[in-house]
Amino acid sequence: MVYEENNTEAVEMRHIISILLENEAGALSRVAGLFSARAYNIESLTVAPTDDPTLSRMTLVTTGTDDIVAQVCKQLNKLIDVVKLVNLTDNAHVERELILIKLVAEDERRDEVKRIMDIFHGHVIDMTDTTYTVEVTGDSEKIDAVLKALEHITMLEVVRSGQLGMARGGKGIV
């Protein structure tokens, strides 16, 4: 679906593309190279082997008009490594992101961090006398809200996974 402003200009939207590809050396490079060669930006990219060791699942987030993203998907489908591709944005789907944050947590800050983690259903996964490492999963808005809630606490390190996604219900990419 294309949204138009003043009936003349297509609006850029965020798209989540799920790709099943051969688990071969250079496959990721060919996908990234396609985006680079056409000056398209990849906002987020995750890839890992599936339950079938010959296949990997890639979740790629990009921004563009529906027409541009449809063209990118057609070009991706032409790559020899690509087995199947689905633009998850087109249908009902779930998406999640993981964040790990290492915080300075001393004295009263320790209890405060635990309260914030309870609110966001996060977990303290490592601790020392002066630090907590916490993890939270959720959609991008939730991850952004966690960062905002913790902004007054010194963050030593932040790692975000990028989006993962899959279709809802009985539909699958395989």
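**Entry 1: ground rules.** I took pockets from a 1 Å grid over the protein atoms alone: a pocket is an open set of points where a 1.4 Å probe fits, with protein on both sides within 12 Å along at least five of seven lines, and lining residues have an atom within 4 Å of a point. This is a predicted model, where local features need pLDDT of at least 70 and side-chain atom pairs count only at pLDDT 80 or more, while totals for chains, interfaces and linings use all residues. Residues are numbered from 1 along each chain as its sequence is written, and side-chain values use heavy atoms, with hydrogens and water left out.

**Entry 2: the largest pocket.** I found Thr46, Val47, Ala48, Pro49, Arg57, Thr59, Val94, Glu95, Arg96, Leu164, Gly165 and Met166 along its lining. Two or more residues each come from strand 4, strand 5, strand 7 (93-104) and strand 11 (164-167); strands here are DSSP runs of E, at least two residues long, and helices are runs of H or I, at least four, numbered from the N terminus. Strand 4 gives the largest share, four residues. The space inside is about 190 Å³, a volume being what is filled by probe spheres set on the grid points, which are joined across faces, edges and corners. I sorted the lining into six nonpolar, three polar and three charged residues. For that sort, Ala, Val, Leu, Ile, Met, Phe, Trp, Tyr, Cys and Pro count as nonpolar, Asp, Glu, Lys and Arg as charged, and the others, Gly among them, as polar.

**Entry 3: the second largest pocket.** Its volume is about 160 Å³. Of 13 lining residues, Val86, Leu88, Ala167, Lys171 and Gly172 are the closest to the centre. Strand 6 (82-87) and strand 11 each give two or more residues to this lining.

**Entry 4: strand pairing.** I counted two strands as paired if DSSP finds at least two bridges between them. Strand 4 (residues 42-49) and strand 5 (residues 55-64) run antiparallel, joined by seven bridges, and they form a hairpin with five residues between them. Ser44 faces Val61 across that pair.

Which strands does strand 7 join in the antiparallel sense? I noted strand 11 with four bridges, strand 9 (residues 131-138) with eight and strand 10 (residues 155-160) with five. Glu95, from the lining of the largest pocket, stands opposite Gly165 in strand 11.

Entry 5: Buried means under 20% relative accessible area, with a 1.4 Å probe and protein chains only.

**Entry 6: the whole chain.** I logged four helices and 11 strands. Buried residues make up 37% of the 174 in the chain.

Methods
Buried < 20%, exposed > 50% of the residue type's maximum accessible area, 1.4 Å probe, protein only.
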